[in-house]
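Visitor: I would like a close look at one part of this protein, namely its aromatic pairs. Please set that part within the structure as a whole.

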Amino acid sequence: MDVSAYMGQFLTLLIIAVALGFDAFSLGLGIGLKGIRLLDIVKLGAVIGLFHILMPIGGLLTGQFVSGLLGSVATTAAGILLLLLGGHMIYSSIRGEGVPTFNHRSSLGLLVLALSVSVDAFSVGVTLGMFSADLWLTILLFGFFGGMMSMLGLLLGRKVSSKLGEYGEACGGAILLVFGLLFIV
């Protein structure tokens, strides 16, 4: 592959990685608004980054065999997950202490969060697999931007949450609802 073709592929993958990272950023912002410890920010960011590596690998490999149908299904599934998470956060905030909130510290909660923002990375990987994109470049960019942008969102949400007080969880839920709707529509 010549240098100009490689640079074109690099720029394309960089833009896609940043776009996918914005999904992780928005989720991080919503979760951070509830209030989150620094250790949990690092852990959640690392797991999301890992999922942004694993999901495109699966997508790239699957993309050699599957048509474009999977892309819309994966995006819809991610949107539904974000709607459910956002709705639960708003409900929890309205009902107060009587309702158990979504626990991002549990193994299941961590996996659901990471999966909800990484499903798109899988569907993009399917498309890239059809075009024989560079596997290592793809997963390194996707993993880096997915992890870093989720941590930035979590940190920003954490900083803003102290100013929002009890409305932080409802605001975070609203953000997740909006992004969920955008995925579905």
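**The aromatic pairs in their setting**

Guide: The protein has 6 helices and 0 strands, and from the N terminus its elements follow the order α-α-α-α-α-α. The model is a predicted one. Among contacts with a separation of 6 or more, 90% join residues 24 or more positions apart. Of the 185 residues, 44% count as buried.

To turn to the part in question, the structure contains 2 aromatic pairs. One of them joins phenylalanine 22 and phenylalanine 25 in an edge-to-face arrangement, with 6.4 Å centre to centre and 80° between the planes. Both residues lie in helix H1, 3 residues apart, so about one helical turn separates them. Phenylalanine 22 has a relative accessible area of 45% and is therefore partly exposed. Phenylalanine 25 is also partly exposed, at 22% relative accessibility; the cut-off for a buried residue is under 20%.

The rings of phenylalanine 144 and phenylalanine 145 are likewise paired edge-to-face, because their planes stand at 85° with the centres 5.2 Å apart; the angle required for this class is over 60 degrees. Phenylalanine 145 has a relative accessible area of 18%, so this residue is buried.

In soluble globular proteins, nonpolar side chains tend to be buried together. Here the largest nonpolar core has 36 residues, of which Leu27, Ile31, Leu44, Ile48, Leu141 and Phe142 touch the most other members. At least two residues of this core come from each of helix H1 (3-33), helix H2 (38-63), H3, helix H4 (107-130), helix H5 (135-164) and H6. H4 gives the largest share, 9 residues.

Nonpolar side chains also occur on the outside. A surface patch consists of Ile80, Leu84, Leu181, Ile184 and Val185, which together have about 510 Å² of accessible area. Helix H3 (69-95) and helix H6 (168-184) are the elements that each contribute two or more residues to this patch. Leucine 84, a residue of helix H3, has a relative accessible area of 58% and is therefore exposed. Isoleucine 94 also belongs to helix H3, and at 67% relative accessibility this residue is classed as exposed.

Methods:
Residues are numbered from 1 along each chain as its sequence is written. This is a predicted model: local features need pLDDT of at least 70, side-chain atom pairs count only at pLDDT 80 or more; totals for chains, interfaces and linings use all residues. Side-chain values use heavy atoms; hydrogens and water are left out. Patches are made of residues with over 30% relative accessible area and no salt bridge: like charges are joined within 9 Å, nonpolar side chains (Val, Leu, Ile, Met, Phe, Trp, Tyr) within 5 Å. Accessible areas come from the Shrake-Rupley method with a 1.4 Å probe; for residues, only the protein chains shown count as cover. A salt bridge is a side-chain nitrogen of Lys or Arg within 4 Å of a carboxyl oxygen of Asp or Glu. Helices (H or I, at least four residues) and strands (E, at least two) are DSSP runs, numbered from the N terminus. Buried means under 20% relative accessible area, exposed over 50%, partly exposed in between (1.4 Å probe, protein chains only). A nonpolar core is a set of buried Ala, Val, Leu, Ile, Met, Phe, Trp, Tyr and Cys residues joined through side-chain atoms within 4.5 Å. Contact means heavy atoms within 4.5 Å. Rings of Phe, Tyr and Trp (its six-membered ring) pair if their centres lie within 6.5 Å; planes under 30 degrees apart count as stacked, over 60 as edge-to-face and the rest as tilted.
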